[in-house]
Amino acid sequence: MSMLFAIFLIVMLAALVMAWWLGGRDERLAALALVAAALVSPILQAHSYAEPEMGIVAVDIGLFMALLGIAMISRSFWPIWAAGFQLCAVAVHFAAAKSPVMLPATYAEALAIWTFPVLGALIAGTWLEARARHGLG
């Protein structure tokens with residue numbers, strides 16, 4: 001297990017626990033979408049990254065659409081940030097398609113990196129929304 005993947009698992013678990021305990025509807029919906037994407041991605045992954053990973057492209061676009069949908073119905077601002085960060089992950093796929101000389105490791109890492117801001121937006125949004133709901137800030 002790589003260090004990046006271990007950190008991802010810790011941050012993902014923290015985000016899910018926070019969203020479930022402290023979050024409202026929007027935070028829980030986003031957490032469910034992230035869990036679904038995380039569970040489906042390894043199944044659809046070709047493991048080569050020598051060309052666009054079409055299964056991962058579909059998952060990333062689906063996650064973007066879910067986060068965008070949450071942003072459209074939410075009163076909170078954090079889902080817009082989460083959707084925007086996820087759109088950056090989708091853009092990585094287009095960059096890989098346009099640049100056939102992109103190294104597979106670069107492609108894979110660029111996708112992995114964008115997961116953390118999405119999770120960060122969920123964590124920050126959950127925290128801020130919980131504070132607002134409970135009159136702590």
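Asp26 is classed as buried because its relative accessibility is 7%, where buried denotes under 20% relative accessible area, exposed over 50% and partly exposed in between, with a 1.4 Å probe and protein chains only. The model is a predicted one, in which local features need pLDDT of at least 70 and side-chain atom pairs count only at pLDDT 80 or more, whereas totals for chains, interfaces and linings use all residues. Residues are numbered from 1 along each chain as its sequence is written, and side-chain values use heavy atoms, with hydrogens and water left out. Asp26 forms a salt bridge with Arg25, with 2.7 Å between the closest N and O atoms, and the structure holds one salt bridge (a side-chain nitrogen of Lys or Arg within 4 Å of a carboxyl oxygen of Asp or Glu).

Helix α3 (residues 54-73) packs against helix α4 (residues 78-98) at an angle of about 160°, their axes lying 8 Å apart; helices are DSSP runs of H or I with at least four residues, and axes are lines fitted to C-alpha atoms over the stretch in contact, with angles from 0 to 180 degrees between N-to-C directions. The two helices α3 and α4 are therefore roughly antiparallel, a term for angles over 145 degrees.

Pro104 is located in helix α5 (residues 104-113) and, at 35% relative accessibility, counts as partly exposed. Neighbours within four places in sequence aside, Pro104 is in contact (heavy atoms within 4.5 Å) with Ser48, Tyr49 and Ala50. Between Pro104 and Pro52, which are 52 residues apart in sequence, the C-alpha to C-alpha distance is 9.4 Å.

How values were computed:
Angles under 35 degrees count as roughly parallel, over 145 as roughly antiparallel, 65 to 115 as roughly perpendicular and the rest as oblique.
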